[in-house]
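Please read them with the structure open.

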Amino acid sequence: MIVVLGGGPAGRIASIRLAMAGKKVTLVETKGKSRGIGGQCLHFGCMPVCALNDVARILCSARRFYELGMTDALPALRFSNVMDETFAIQQKIAGILDEETRNACVDVVYGKAGRVDGAQIFIGDEPVDAEATIIATGSRPNVPDVPGVALPGVCTPHTIWGLRKLPEHLTIIGGSVMAAEFAYIFQAFGSKVTILSRSGFLKNLDRHLRTIALRELEGVDIREGTAMTGISGTSRVTAVRFRSGGASAGIGADAVLLATGLVPNSGMVNGVEKGPGGEIVVNDRMQTSVPGVYACGDVTGAPFLTPVARHEGIVAADNILGKTRHMDYTHVPQAIFLAHELAFCGASGEGGASLALPGPAGPGTYWSVPYGDTGLAKIFADPTSGEITGMCAAGPAGGVIAGYLAFLMQRHSSVHDFEDFIEVHPSSDGIYSLAKYTSELFRKHNPS
């Protein structure tokens, strides 16, 4: 028997792959069946954020149509209904995932905690004999140790879904993707939003994408170089205290979101090598320091991305099956979901050659023309060989484009490979036409 701890993307995909290869697999999910499998992605992260982002985009589009004189009224948001419907769809998806997993002949055990002590595995308090074990217990929100953090009204990405009243003033602590996405959503919903970022906001993002992000977050009060020192209130949060530029100050808020990152959920694992942040140390075959024990997904640390977790699950499963497979993190596409999908992969600096153009008018961007924000297409490439080393795309389908470009980059594709490419039209994607244009420029300056 193979035991898999955790029913998120990494553990579930690994379980299915092993079971379909003929292995007896037990998948242990700490949550009860009423919550279901699916992990952080389904219940607290990607899926519910996408749900709220869909609503936010519709509201923003409706306001533009109203401003352009094309409609006579603006829709009114029913916040509690949005949250309730989001949860109902999550439950439906969890049920589908459960059925899919069981149909693959995986034995799913709900409501019991898995535990690891070296090579010994426990399901609840019962030790079990396992041919191999996969630890895929995910991550949890990082909660800063500051006064007032336990006050009602202080949320993490795991608890914000309990809100049923739209905050009048939401203060978000953090400066990364999570903070940006929630800021866009709640500002579109009608909340006043303030971001307190300890260092630079979206500081590692390509400069063109960051410019677009800041424009799409116009109206959000973004304060960089600002460190939270405490949260004030009696029966509920009323303000956030912080230091900025050496001075202490405060800002009122009736809700606080701690978007301060994730930490590996590895507290139930002992006798296995861990890193300084609690992440389980693995090699590129997802093997831990204990023979027969593998780990994958968020519990192994950054980048905390669902597609990476899924692929790590596949790598772990294949190595258990005796098929040597290595995890490659060279080209991992990522995206930030605001008004556009701001997607990127590979090089993000200005080294080598890079070309950037506004995105074309097309599906999802036609009515953005009056506002001058049809998105972006950007390519990084080697001028001599034409090999694509990076890309950025901002538009309605930026994430899809980044995924396929990352696949091509893994195979060392060149801008010259696009000379005979014919894209679908109409389209709001400018990457492929930019690749052709880049090819022409390179051939002109390097005719050999």
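1. Is H331 buried or exposed? The model is predicted, and in it H331 has a relative accessible area of 16%. The cut-off for buried is under 20%, so H331 counts as buried. Its place in the chain is the loop between α7 (306–320) and β20 (334–337). Setting aside neighbours within four places in sequence, H331 is in contact with C345, A406, M409 and Q410.

2. Next, the pairing of α3 with α5. Helix α3 covers residues 46–67 and helix α5 covers residues 177–189. Their axes lie 9 Å apart, and the packing angle is about 45°. Angles of 65 to 115 degrees count as roughly perpendicular and those under 35 as roughly parallel; α3 and α5 are therefore oblique to each other. Their crossing is left-handed.

3. Which residues of α3 and α5 meet? From α3 come V49, L52, N53, V55, A56, R57, L59, C60 and R63. From α5 come E181, F182, Y184, I185, A188 and F189. By class, the residues of this contact are 11 nonpolar, 1 polar and 3 charged.

4. Helix α3 also packs against α4, which spans residues 79–103. Here the angle is about 140° and the axes are 10 Å apart. Roughly antiparallel needs an angle over 145 degrees, so α3 is oblique to α4. The crossing of α3 past α4 is right-handed.

5. What makes the contact of α3 with α4? On the α3 side, P48, A51, L52 and V55 take part. On the α4 side, the residues are V82, M83, T86 and Q90. The contact divides into 6 nonpolar and 2 polar residues, with no charged ones. L52 and V55 are listed for α3 in its contact with α5 and again in its contact with α4.

6. Now the cores. In soluble globular proteins, nonpolar side chains tend to be buried together. The largest nonpolar core here has 44 residues. Within this core, I172 and F182 have the most contacts. Helix α5 gives the most to this core, with 10 residues. Apart from this core lies another, of 31 residues, including A19, L27, A104 and V106.

7. What does I172 touch, beyond residues up to four places away in sequence? The list is A179, F182, A183, V193, T194, I195, L196, L257 and A259.

Definitions and conventions
Residues are numbered from 1 along each chain as its sequence is written. This is a predicted model: local features need pLDDT of at least 70, side-chain atom pairs count only at pLDDT 80 or more; totals for chains, interfaces and linings use all residues. Side-chain values use heavy atoms; hydrogens and water are left out. Axes are lines fitted to C-alpha atoms, for helices over the stretch in contact, and angles run from 0 to 180 degrees between N-to-C directions. Helices (H or I, at least four residues) and strands (E, at least two) are DSSP runs, numbered from the N terminus. A crossing is left-handed if the near helix is turned anticlockwise from the far one by less than a right angle, and right-handed if clockwise. Contact means heavy atoms within 4.5 Å. Ala, Val, Leu, Ile, Met, Phe, Trp, Tyr, Cys and Pro count as nonpolar, Asp, Glu, Lys and Arg as charged, and the others, Gly among them, as polar. A nonpolar core is a set of buried Ala, Val, Leu, Ile, Met, Phe, Trp, Tyr and Cys residues joined through side-chain atoms within 4.5 Å. Buried means under 20% relative accessible area, exposed over 50%, partly exposed in between (1.4 Å probe, protein chains only).
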